[in-house]
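Below is a briefing on one protein model, written for a reader who works with coordinates.

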Amino acid sequence: MRLSRRALLAATTAATAFSSAPPASAAERHRPLRTGFERLAADGYALLEGRRVGIVTNPTGITRDARHIVDVMHADDRVNLIAVFGPEHGFRGTAQAGGSEGRYDDPATGLPVYDTYLKSGRPLADIFTASGVDTVVFDIQDVGARFYTYIWTLYDCMEAAQLAGKRFVVLDRPNPVTGRAAQGPVLHKEFATFVGRQPISQAHGMTVAELARLFNREFLTAPVDLETVLMTGWKRSEFYDTSGLPWVPPSPNMPTPDTALVYSGTCLFEGTNLSEGRGTTRPFELLGAEGVDGRWAAAVGELALPGVHFREAYFAPTFSKFQGKTIGGVQIHVHDRAAYDPVRTGIALLVTAKRVWSGFAWRSDNWIDKLTGSTQVRTAIDAGAGPDEVVAGWREELAAFRATRREYLLYR
């Protein structure tokens, strides 16, 4: 974390990097939640007036009546929307994990769609330049976990926009699992990948606008001309179902807000030989493997983790690990969202799985280290550490990140 750069960038920040839409009025603060896009549209798109606009978005970029914002903006003469940029899974969301839609013209609008997935730096800057835009807008629903790639699409696009001399506008949406706290290990830079570019915690507890400001000031080599359009009516303690917004799966294996609630912990099973529930109707809530039986649910249940129960479960994934095979494992049932700690729960599940199932193994490429951000979790579990010991291993780094994070929080 480049904390020493804060003073250096303070002057630039005031001039360009952190300009934003006007703060909410007293009346706005008492209205129901309004997303960044809703506020932008209500202001007649004044922030985009006279601009050649491109937007980074996916199926989650919708209005509360479920219209896609690209369709809405394309039909509005007040916006000169000339390009769309698709992330992992694509602009219209047709690709599975690790895929994208490539370059094509959108049949609904005729707009050119450019592929940003796994592109960064100068190659991505060249795409922005070739598209003819002068302003890049970002509007994608995040789920609050460091390894969910859309926040790194945000980071890469900010960096590329700076290199290309483009203005960057972030339209904010709720963190669906609240913005109460940062939890989990902090990434070590030597483990940086597309599931974690920079040292933030595993569950960051921030919105995309807050992250954009943090990225701009702490991590980008030079700040981009950044503007953020904030929400009104959102509180940090609120879960997604209080928002009044429709839920659109941000990716094929994120079907409900319940999935997002557990994801920042149970996605760690991608780094093991157990199924993380892909290919079921409850991905990341169902975990298992061949040979696992009721001992796992019993062992993790004995830990009396707050806010959650574990049920012995059997299921047959339709794709991914153990496709077409009936396997045993657990189903996670969160009964108290406020008390539930997804990251500590994920660690407890790893610890108990290794203890009760002799077939447990990490992925041979040590992908778990990329997901957790260092070797600490893997080596501690291999050494026989319990959940509390593993969690204690990242306490100091998490405290430092929380202190930095606090400076960028925009909502109460």
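Arg67 is partly exposed at 45% relative accessibility, where partly exposed lies between buried (under 20% relative accessible area) and exposed (over 50%), computed with a 1.4 Å probe on protein chains only. Its salt-bridge partner is Asp65, with N to O at 3.2 Å; a salt bridge here is a side-chain nitrogen of Lys or Arg within 4 Å of a carboxyl oxygen of Asp or Glu. The model is predicted, so local features need pLDDT of at least 70 and side-chain atom pairs count only at pLDDT 80 or more, while totals for chains, interfaces and linings use all residues. Residues are numbered from 1 along each chain as its sequence is written, and side-chain values use heavy atoms, with hydrogens and water left out.

**Salt bridges**

- The salt-bridge rule gives a count of 24.
- Asp65, the partner of Arg67, is partly exposed at 47% relative accessibility.
- Asp71 and Arg92 form a salt bridge in which the closest N and O atoms are 3.3 Å apart. Asp71 belongs to helix H4 (residues 69-74) and Arg92 to the loop between strand E3 (80-86) and strand E4 (104-105), so this pair ties together parts 21 residues apart in sequence. Helices (H or I, at least four residues) and strands (E, at least two) are DSSP runs numbered from the N terminus.
- Both ends of that pair are partly exposed: Asp71 has a relative accessible area of 30%, and Arg92 has 29% relative accessibility.
- A salt bridge also joins Arg236 to Glu210, at 2.6 Å from N to O. Arg236 sits in the loop between strand E10 (225-229) and helix H8 (257-266), and Glu210 in helix H7 (residues 208-219), so the pair ties together parts 26 residues apart in sequence.
- Arg236 and Glu210 are both buried.
- Salt bridges link Glu270, Glu276, Arg278 and Lys321 in a network.

**Overall fold**

- There are 14 helices and 13 strands in the protein chain. Its radius of gyration is 21 Å, close to the 22 Å that the globule rule gives for 412 residues, so the chain is as compact as a globular protein of that length. The radius is taken over C-alpha atoms, and the rule is 2.2 Å times the number of residues to the power 0.38.
- Along the principal axes, the C-alpha atoms fill a box of roughly 65 × 50 × 45 Å.
- Of the 412 residues, 60% are buried.
- Among contacts with a separation of 6 or more, 74% are between residues 24 or more positions apart; contact means heavy atoms within 4.5 Å.
- The accessible surface is about 15,600 Å², and carbon and sulfur atoms hold 51% of it. Areas come from the Shrake-Rupley method with a 1.4 Å probe; for residues, only the protein chains shown count as cover.

**Thr57**

- Thr57 is in strand E2 (residues 52-57) and is buried at 0% relative accessibility.
- Its C-alpha atom is separated by 6.2 Å from that of Phe138, 81 residues apart along the chain.
- Neighbours within four places in sequence aside, the contacts of Thr57 include His68, Val84, Phe91 and Ile140.
- The Thr57 side chain reaches the backbone oxygen of Asp139 at 2.7 Å.

**Cysteines**

- The structure has zero disulfides, a disulfide being a pair of cysteine sulfur atoms within 2.5 Å.
- Cys157 is buried at 0% relative accessible area, and Cys267 is buried at 1%.

Conventions
Polar contact = N/O pair within 3.5 Å; in protein donor to acceptor, adjacent residues only side chain to side chain.
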